[in-house]
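Good morning. I will go through one structure today, starting with its core and then turning to a pair of helices.

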Amino acid sequence: MTLLAALFSHYRRHPLQLLALAAMIVLATMLWTGVHHLTSQARASLDQSESAVAERQQVIRADGEPVSVQDFVTLRRAGLCVMPWLEVALSGAGRVVGVDPLAAGCFDRADQGNTPWRGELNGAPFVDISEAAELAEAQEPPAGELSLLISGTDSDAGLPPGYLLAAFSLGPDTGELGESFLLNLDALGVLVLLITALLLRSVYLLGLAQRRESFALLRRFGVPQSRISRLLVFEIMALALVCIVPGVWLGRWLATGLGSGFGRALEGLFDTPLYAGRGGGWLVPVATMLAVVLVACLADYLRPLARRLAVAGPPQGLLPVLFLLAGIALSVWAPGLVWLFLAVAMVFVAAGILAPFLISLLADWRAGRESDPLARWRHRELSVLARRLALPLVALQFAMAMVLAVQALVTTFESTFDQWLAQRLEAEYYIEVPEGADAGAAAAWLMEQPALKASGRWHRVIRGEAALTNSFGKQGPVVDVFALSPIGPLVTGWQLFESVNSPWQSLAEGPGVMVNEQLARRWSVAIGDTLPLQLGQQVSEFPVLAIYPDYGRPAGEILVHASALPPDFRVSFQSLSISPGTMSIEAISRNLKRIWSVEQLTVRDNRAIEALASAIFDQTFLLTRAMTILTLILAAIALLMMGWVLFSTRAWYFRLLVVWGLPRRQAATQLTRLALSLTTAIALLALPLGVWLTWVLVHRINPLAFGWSLPMAVYPGFWLELGALSLLVGLSIALLMRRQLNSPASAPESASALSGGER
């Protein structure tokens with residue numbers, strides 16, 4: 001017990017170090033666990049739901065009414081293998097799916113090895129249908145959508161009169177897109193782990209340096225080094241476990257708080273619902289963070305080479321520079337996301353090695369050209385501090401670069417998304433054309449109205465699908481069709497990436513098409529190319545007139561004039577977009593009801609839709625913002641503590657300035673300038689890394705992962721905010737150091753006794 005008390009007495013003398021280690025472990029665990037919990041839940045939900053409905057069909061009513069429990073009874077009595085599927089959206093908790101395990105038994109017999117309902121339901125996301133029905137009734141208003149799935153063996157069997165077969169899926173094929181989105185979050189989580197490891201290692205190594213005399217004293221009293229090493233391993237493992245467990249709990253709490261917005265963003269952007277479930281257990285976060293802490297703090301014991309690598313010094317030769325150039329080159333020509341992430345890792349490693357070396361080199365260069373002895377001393381001291389504080393400086397550099405890039409990406413996306421959404425929802429009202437109604441008659445009536453004819457602020461929208469064909473006439477991939485008529489001011493103000501002269505006039509006169517960015521990138525379509533399309537049974541060639549942005553969706557799309565559609569084109573959906581001007585929307589609705597002979601119309605206020613879409617989008621990057629800001633705060637606090645502690649170990653040296661005759665106020669001013677120079681230098685080095693990372697996110701990762709790009713913007717105003725933060729950290733260190741000048745201290749026996757440092 002005396003040995004333990006002597007060994008751990010360091011933290012009684014330096015409680016802030018223990019608090020800093022514990023806080024960094026807890027915060028890092030919380031951040032990474034939150035990301036891991038959400039991404040694991042999203043992947044599990046996607047995998048389970050897709051496997052559950054793979055190549056399934058559902059039974060629908062021929063009269064268009066929703067199916068009910070009575071329909072399920074009728075079909076089962078007819079001998080068909082039908083299973084109810086009740087999907088319920090829960091407020092703030094994703095979704096659950098209610099199934100009937102007894103009815104699913106025929107699926108098990110029909111599709112051996114292709115059913116997720118063997119055994120008991122586990123609630124992730126499948127529950128008994130009675131429980132799902134209770135949850136649906138508890139919602140305000142009651143929510144729940146019932147579908148009747150039919151097995152593959154019975155899909156060809158005759159259905160009772162009044163029923164039809166239809167495909168059943170949870171949405172379009174966006175699995176690759178969703179995986180790319182989650183992969184980006186995982187990459188951000190890995191960067192958080194890297195920054196955390198650097199910070200932990202810097203604080204822990206400084207503590208070991210301060211405890212070197214204590215360890216030497218214990219060895220003189222007969223305690224073997226191996227026993228001291230074992231106790232240090234026990235010490236850091238105990239601290240890690242004590243801090244990781246509450247960190248995991250806080251991370252799951254953070255994921256629960258962000259889960260509602262994350263789920264809405266996942267479904268809104270990628271048509272992938274987030275199902276309620278466990279989203280991963282405790283083992284993976286605890287094991288991962290424990291491994292990070294042990295590797296960061298005990299690398300010297302796990303691998304002796306790490307001790308030599310940990311001593312900051314000038315890079316050997318041009319290897320880091322070549323590594324940096326190779327990473328930049330690979331980021332430009334990387335063919336896939338894996339190679340691109342490898343390039344990012346190479347650049348970060350090289351930048352981390354070079355940053356302290358560049359600060360030290362520049363400080364030594366300035367010192368050699370200074371005639372003022374005090375300025376020469378300050379630059380030499382800056383060179384020493386850059387080497388001794390290499391790890392926390394690099395961690396702060398990485399955190400600043402990450403925050404710069406993510407802030408630029410999110411801000412650019414917000415402004416671009418708002419502009420694009422305003423273009424798509426330029427009309428004030430959206431009116432859905434009822435199934436079977438004559439949209440042409442409504443369009444003819446609208447063209448006769450003087451107020452609308454004068455402004456031209458309305459158009460008819462026709463949705464469907466077309467197939468790309470090759471030179472041999474063979475049908476290729478299916479793309480969405482977006483047909484408009486007439487072409488008016490509601491669309492002529494759209495932003496276009498590339499176009500011919502007078503593209504909208506050429507589209508109205510025909511023939512011609514516009515394609516979205518996704519289709520242009522995927523199939524290398526350029527302006528002036530001829531695009532063979534099968535619309536209905538007819539195959540025609542259309543010149544490409546323009547490429548337009550289409551954010552947030554992976555599907556390829558073509559925009560044509562409605563007159564280009566053949567009579568046999570299969571229309572899946574029609575609507576009218578109208579800005580009534582001097583007319584009232586009520587009057588337009590009344591006349592459209594009369595023309596279509598219907599009692600009800602679906603009329604939506606596009607301003608309300610725009611507000612809802614913006615609110616959903618605001619939740620998309622909430623997790624990313626939280627991670628980056630908390631990581632930056634973590635790195636800044638760690639550098640603050642490291643700078644203060646390291647300056648404290650060199651306080652005897654700084655007091656020599658006063659002994660040599662420098663007034664105490666001027667000595668404090670020199671320390672302030674020294675601290676500000678250090679934090680400002682690392683902030684300046686973070687800028688090019690952050691700008692490069694912004695370019696990678698915007699022009700490389702986004703197109704490879706999602707199929708569309710964003711405009712490049714860097715927002716220098718935010719640079720000033722980060723610069724102010726670095727100055728604040730430097731001033732805080734300097735203010736704390738003033739206390740060291742006011743208290744006596746004896747010089748150490750040697751220049752490196754406390755920190756192995758330099759003079």
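**Cores and a helix pair**

The largest nonpolar core has 37 residues, and L21, L200, Y204, I236 and I244 have the most contacts inside it. A nonpolar core here is a set of buried Ala, Val, Leu, Ile, Met, Phe, Trp, Tyr and Cys residues joined through side-chain atoms within 4.5 Å; buried means under 20% relative accessible area, with a 1.4 Å probe and protein chains only. A second, separate core has 35 residues, including V344 and W692.

This is a predicted model: local features need pLDDT of at least 70, side-chain atom pairs count only at pLDDT 80 or more, and totals for chains, interfaces and linings use all residues. Residues are numbered from 1 along each chain as its sequence is written, and side-chain values use heavy atoms, leaving out hydrogens and water.

Back to I244: apart from residues up to four places away in sequence, I244 touches I25, T29, V286, M289 and L290. Contact means heavy atoms within 4.5 Å.

Now the helices, which are DSSP runs of H or I, at least four residues, numbered from the N terminus. How do α13 and α15 pack? Helix α13, residues 337–368, meets helix α15, residues 390–424, at about 130 degrees, with the axes 9 Å apart. Axes are lines fitted to C-alpha atoms over the stretch in contact, and angles run from 0 to 180 degrees between N-to-C directions.

Last, T416, which lies in α15. T416 has 6% relative accessibility and therefore counts as buried. Beyond its neighbours within four places in sequence, T416 contacts Y551, L710 and P711. The C-alpha atoms of T416 and P711 are 8.0 Å apart, across 295 residues of chain.

Definitions and conventions
Buried means under 20% relative accessible area, exposed over 50%, partly exposed in between (1.4 Å probe, protein chains only). Helices (H or I, at least four residues) and strands (E, at least two) are DSSP runs, numbered from the N terminus.
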